[in-house]
Amino acid sequence: MVNYKKDTYLNLSKESFNFDLGIIKEIVFIAIPATSEIIIFSIVSLVINFMLSFIAGPLGVAVYTAGWRIVNLAMIPHMGLGTATLTVVGAAYGARKFKKLITTYNYSVKFGLSISIVSSIIIFVFAPPQIAMIFSYSETNLIPAISDFLRILSIFCIALPLGILSSSTFQGLGKAFISLTLTIQRALVFEIIFMYIFAFVLNMGTAGIWWGGLSLGGLVGYLVSYIYTKIYLREVKKVYID
(Lines give C-alpha, C1' and ligand atoms only; values in the text may rest on other atoms or scores of the structure.)
Protein backbone atom coordinates (compact mmCIF):
# COMPACT_ATOMS: atom_id res chain seq x y z
CA MET A 1 0.00 0.00 0.00
CA VAL A 2 1.36 3.40 -0.99
CA ASN A 3 0.70 6.39 1.25
CA TYR A 4 0.91 9.89 -0.16
CA LYS A 5 -0.08 13.37 0.87
CA LYS A 6 -2.95 15.03 -0.91
CA ASP A 7 -1.38 18.51 -0.80
CA THR A 8 1.57 17.80 -3.09
CA TYR A 9 -0.16 19.09 -6.19
CA LEU A 10 -2.31 22.02 -7.28
CA ASN A 11 -5.82 22.00 -8.60
CA LEU A 12 -6.37 24.87 -11.03
CA SER A 13 -9.89 25.96 -11.87
CA LYS A 14 -11.66 29.09 -13.08
CA GLU A 15 -13.80 29.14 -9.95
CA SER A 16 -10.78 29.52 -7.67
CA PHE A 17 -9.17 32.26 -9.76
CA ASN A 18 -9.33 35.81 -8.38
CA PHE A 19 -7.84 38.57 -10.48
CA ASP A 20 -5.48 40.73 -8.43
CA LEU A 21 -4.05 43.80 -10.15
CA GLY A 22 -1.55 44.22 -7.31
CA ILE A 23 0.13 40.92 -8.17
CA ILE A 24 0.37 41.94 -11.83
CA LYS A 25 2.00 45.21 -10.80
CA GLU A 26 4.53 43.38 -8.61
CA ILE A 27 5.45 41.04 -11.49
CA VAL A 28 5.86 43.95 -13.91
CA PHE A 29 7.80 45.95 -11.30
CA ILE A 30 10.38 43.15 -11.11
CA ALA A 31 10.29 42.11 -14.78
CA ILE A 32 10.96 45.55 -16.28
CA PRO A 33 14.32 46.09 -14.51
CA ALA A 34 15.41 42.52 -15.29
CA THR A 35 14.59 43.05 -18.97
CA SER A 36 16.31 46.44 -18.92
CA GLU A 37 19.51 44.83 -17.63
CA ILE A 38 19.62 42.57 -20.69
CA ILE A 39 19.12 45.60 -22.93
CA ILE A 40 21.97 47.39 -21.15
CA PHE A 41 24.32 44.45 -21.75
CA SER A 42 23.42 44.57 -25.45
CA ILE A 43 24.10 48.33 -25.59
CA VAL A 44 27.51 47.90 -23.95
CA SER A 45 28.35 45.10 -26.39
CA LEU A 46 27.44 47.37 -29.32
CA VAL A 47 29.63 50.16 -27.93
CA ILE A 48 32.56 47.78 -27.50
CA ASN A 49 32.20 46.45 -31.04
CA PHE A 50 31.98 50.01 -32.40
CA MET A 51 35.13 51.11 -30.58
CA LEU A 52 37.01 47.98 -31.63
CA SER A 53 35.94 48.42 -35.25
CA PHE A 54 37.19 52.02 -35.15
CA ILE A 55 40.51 51.15 -33.48
CA ALA A 56 41.48 47.71 -34.79
CA GLY A 57 38.91 46.74 -37.41
CA PRO A 58 37.63 43.15 -37.83
CA LEU A 59 40.66 41.71 -36.03
CA GLY A 60 39.78 43.44 -32.75
CA VAL A 61 36.16 42.36 -32.99
CA ALA A 62 37.23 38.76 -33.68
CA VAL A 63 39.51 38.73 -30.61
CA TYR A 64 36.75 40.13 -28.42
CA THR A 65 34.14 37.67 -29.74
CA ALA A 66 36.39 34.65 -29.28
CA GLY A 67 37.77 35.67 -25.89
CA TRP A 68 34.42 36.67 -24.45
CA ARG A 69 33.18 33.10 -24.94
CA ILE A 70 35.70 32.01 -22.30
CA VAL A 71 34.50 34.77 -19.97
CA ASN A 72 30.92 33.58 -20.48
CA LEU A 73 32.00 30.08 -19.45
CA ALA A 74 33.56 31.54 -16.29
CA MET A 75 30.24 33.29 -15.57
CA ILE A 76 28.14 30.10 -15.69
CA PRO A 77 28.85 28.88 -12.10
CA HIS A 78 28.08 32.35 -10.74
CA MET A 79 24.83 32.60 -12.70
CA GLY A 80 23.75 29.29 -11.16
CA LEU A 81 24.88 30.45 -7.73
CA GLY A 82 23.02 33.71 -8.29
CA THR A 83 19.79 31.86 -9.08
CA ALA A 84 20.16 29.81 -5.90
CA THR A 85 20.93 32.95 -3.87
CA LEU A 86 17.89 34.75 -5.30
CA THR A 87 15.65 31.82 -4.33
CA VAL A 88 16.95 31.42 -0.78
CA VAL A 89 17.03 35.18 -0.13
CA GLY A 90 13.46 35.52 -1.41
CA ALA A 91 12.26 32.68 0.80
CA ALA A 92 14.10 34.05 3.85
CA TYR A 93 12.74 37.54 3.23
CA GLY A 94 9.20 36.23 2.90
CA ALA A 95 9.56 34.27 6.13
CA ARG A 96 11.10 37.35 7.82
CA LYS A 97 14.24 35.36 8.60
CA PHE A 98 16.64 38.25 8.12
CA LYS A 99 19.63 36.58 9.75
CA LYS A 100 19.37 33.70 7.28
CA LEU A 101 19.08 36.24 4.46
CA ILE A 102 22.33 37.95 5.41
CA THR A 103 24.11 34.64 6.02
CA THR A 104 23.04 33.42 2.59
CA TYR A 105 24.56 36.44 0.86
CA ASN A 106 27.83 36.27 2.79
CA TYR A 107 28.22 32.53 2.25
CA SER A 108 27.38 32.82 -1.45
CA VAL A 109 29.98 35.55 -1.97
CA LYS A 110 32.68 33.52 -0.22
CA PHE A 111 31.82 30.41 -2.22
CA GLY A 112 31.64 32.42 -5.44
CA LEU A 113 35.02 34.05 -4.79
CA SER A 114 36.63 30.64 -4.25
CA ILE A 115 35.29 29.53 -7.63
CA SER A 116 36.27 32.75 -9.42
CA ILE A 117 39.82 32.73 -8.03
CA VAL A 118 40.39 29.17 -9.23
CA SER A 119 38.87 29.83 -12.66
CA SER A 120 40.87 33.06 -13.04
CA ILE A 121 44.11 31.26 -12.24
CA ILE A 122 43.28 28.56 -14.80
CA ILE A 123 42.49 31.18 -17.45
CA PHE A 124 45.66 33.17 -16.71
CA VAL A 125 47.96 30.13 -16.73
CA PHE A 126 46.50 28.24 -19.70
CA ALA A 127 45.39 31.14 -21.89
CA PRO A 128 48.58 31.04 -23.97
CA PRO A 129 48.25 29.00 -26.03
CA GLN A 130 45.96 26.14 -24.95
CA ILE A 131 42.69 28.00 -24.35
CA ALA A 132 43.34 30.62 -27.03
CA MET A 133 44.07 27.93 -29.59
CA ILE A 134 40.70 26.24 -29.00
CA PHE A 135 38.78 29.43 -29.79
CA SER A 136 41.00 30.81 -32.55
CA TYR A 137 39.27 28.62 -35.16
CA SER A 138 42.56 27.72 -36.85
CA GLU A 139 43.37 31.45 -37.23
CA THR A 140 46.78 31.15 -35.61
CA ASN A 141 47.43 34.88 -35.95
CA LEU A 142 44.68 35.50 -33.36
CA ILE A 143 46.26 33.31 -30.65
CA PRO A 144 48.61 35.96 -29.13
CA ALA A 145 45.87 38.62 -29.08
CA ILE A 146 43.29 36.25 -27.55
CA SER A 147 45.86 35.17 -24.95
CA ASP A 148 46.49 38.79 -23.94
CA PHE A 149 42.74 39.43 -23.79
CA LEU A 150 42.13 36.44 -21.51
CA ARG A 151 45.00 37.25 -19.17
CA ILE A 152 43.77 40.80 -18.70
CA LEU A 153 40.15 39.69 -18.25
CA SER A 154 41.16 37.13 -15.61
CA ILE A 155 41.23 40.10 -13.20
CA PHE A 156 37.64 40.91 -14.12
CA CYS A 157 36.62 37.27 -13.59
CA ILE A 158 37.71 37.37 -9.94
CA ALA A 159 35.10 40.02 -9.15
CA LEU A 160 32.21 38.31 -10.97
CA PRO A 161 30.45 36.97 -7.84
CA LEU A 162 30.52 40.39 -6.15
CA GLY A 163 28.26 41.88 -8.81
CA ILE A 164 26.16 38.90 -9.86
CA LEU A 165 25.28 37.84 -6.31
CA SER A 166 24.57 41.42 -5.22
CA SER A 167 22.09 41.85 -8.07
CA SER A 168 20.51 38.46 -7.29
CA THR A 169 20.13 39.44 -3.64
CA PHE A 170 18.24 42.62 -4.46
CA GLN A 171 16.04 40.75 -6.93
CA GLY A 172 15.23 38.26 -4.16
CA LEU A 173 14.31 41.17 -1.92
CA GLY A 174 11.99 42.53 -4.59
CA LYS A 175 14.27 45.55 -5.07
CA ALA A 176 14.72 45.06 -8.79
CA PHE A 177 15.29 48.74 -9.52
CA ILE A 178 18.27 48.76 -7.13
CA SER A 179 19.66 45.80 -9.05
CA LEU A 180 19.13 47.73 -12.29
CA THR A 181 20.86 50.80 -10.85
CA LEU A 182 23.89 48.72 -9.88
CA THR A 183 24.05 47.34 -13.42
CA ILE A 184 23.81 50.82 -14.91
CA GLN A 185 26.62 52.23 -12.77
CA ARG A 186 28.89 49.36 -13.72
CA ALA A 187 28.11 48.90 -17.41
CA LEU A 188 27.08 52.36 -18.63
CA VAL A 189 29.19 54.46 -16.28
CA PHE A 190 32.41 52.76 -15.21
CA GLU A 191 32.96 50.39 -18.13
CA ILE A 192 32.20 52.81 -20.97
CA ILE A 193 33.92 55.82 -19.35
CA PHE A 194 37.03 53.81 -18.45
CA MET A 195 37.00 52.30 -21.92
CA TYR A 196 36.99 55.70 -23.58
CA ILE A 197 39.67 57.15 -21.30
CA PHE A 198 42.08 54.23 -21.65
CA ALA A 199 41.53 53.60 -25.36
CA PHE A 200 41.35 57.17 -26.69
CA VAL A 201 42.56 59.68 -24.09
CA LEU A 202 45.52 57.56 -22.99
CA ASN A 203 45.87 56.23 -26.56
CA MET A 204 46.20 52.58 -25.49
CA GLY A 205 44.13 51.22 -28.37
CA THR A 206 42.59 47.77 -27.95
CA ALA A 207 44.59 47.19 -24.77
CA GLY A 208 42.84 50.23 -23.32
CA ILE A 209 39.46 48.63 -23.98
CA TRP A 210 40.58 45.38 -22.31
CA TRP A 211 42.20 47.11 -19.33
CA GLY A 212 39.98 50.14 -18.93
CA GLY A 213 36.46 49.10 -19.80
CA LEU A 214 36.25 45.36 -19.36
CA SER A 215 38.76 44.75 -16.59
CA LEU A 216 39.14 47.80 -14.32
CA GLY A 217 35.74 49.30 -15.14
CA GLY A 218 33.98 46.03 -14.42
CA LEU A 219 36.07 45.48 -11.29
CA VAL A 220 35.25 48.92 -9.85
CA GLY A 221 31.58 48.53 -10.73
CA TYR A 222 31.36 45.14 -9.03
CA LEU A 223 33.13 46.48 -5.93
CA VAL A 224 30.63 49.34 -5.73
CA SER A 225 27.78 46.81 -5.97
CA TYR A 226 29.29 44.70 -3.20
CA ILE A 227 29.91 47.67 -0.89
CA TYR A 228 26.39 49.02 -1.40
CA THR A 229 24.88 45.57 -0.72
CA LYS A 230 26.88 45.18 2.49
CA ILE A 231 25.75 48.63 3.67
CA TYR A 232 22.13 47.79 2.83
CA LEU A 233 22.26 44.46 4.67
CA ARG A 234 23.93 46.15 7.64
CA GLU A 235 20.94 48.47 7.89
CA VAL A 236 18.61 45.45 7.64
CA LYS A 237 20.52 43.87 10.53
CA LYS A 238 20.20 47.01 12.66
CA VAL A 239 16.47 47.35 12.08
CA TYR A 240 15.29 43.72 12.23
CA ILE A 241 17.93 41.76 14.17
CA ASP A 242 19.83 43.94 16.67
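**Salt bridges in the chain**

The structure contains two salt bridges. A salt bridge here is a side-chain nitrogen of Lys or Arg within 4 Å of a carboxyl oxygen of Asp or Glu. In general, side chains of opposite charge can pair when their charged atoms come close.

First, the ground rules. This is a predicted model, where local features need pLDDT of at least 70, side-chain atom pairs count only at pLDDT 80 or more, and totals for chains, interfaces and linings use all residues. Residues are numbered from 1 along each chain as its sequence is written, and side-chain values use heavy atoms, with hydrogens and water left out.

Take Glu191 and Arg186. Their closest N and O atoms are 2.7 Å apart. Both Glu191 and Arg186 are buried. Buried means under 20% relative accessible area, exposed means over 50%, and partly exposed is in between (1.4 Å probe, protein chains only).

Now Glu235 and Lys238. Their side chains form a salt bridge at 3.7 Å, N to O. Both residues belong to helix 7 (residues 206-240). They are three residues apart, about one turn of the helix. Helices (H or I, at least four residues) and strands (E, at least two) are DSSP runs, numbered from the N terminus. Glu235 counts as partly exposed because its relative accessibility is 39%. Lys238 is partly exposed too, at 48%.

The chain has seven helices and zero strands. Its C-alpha trace spans about 65 × 50 × 35 Å along the principal axes. Of the 242 residues, 40% are buried. Contact means heavy atoms within 4.5 Å. Among contacts between residues at least 6 apart in sequence, 76% join residues at least 24 apart.

Ser108, in helix 3 (residues 98-134), is buried because its relative accessible area is 7%. Its side chain makes a polar contact of 3.0 Å with that of Thr85. A polar contact is a pair of N or O atoms within 3.5 Å; within protein, one must be able to donate a hydrogen and the other to accept it, and residues adjacent in sequence count only if both atoms are side-chain atoms.
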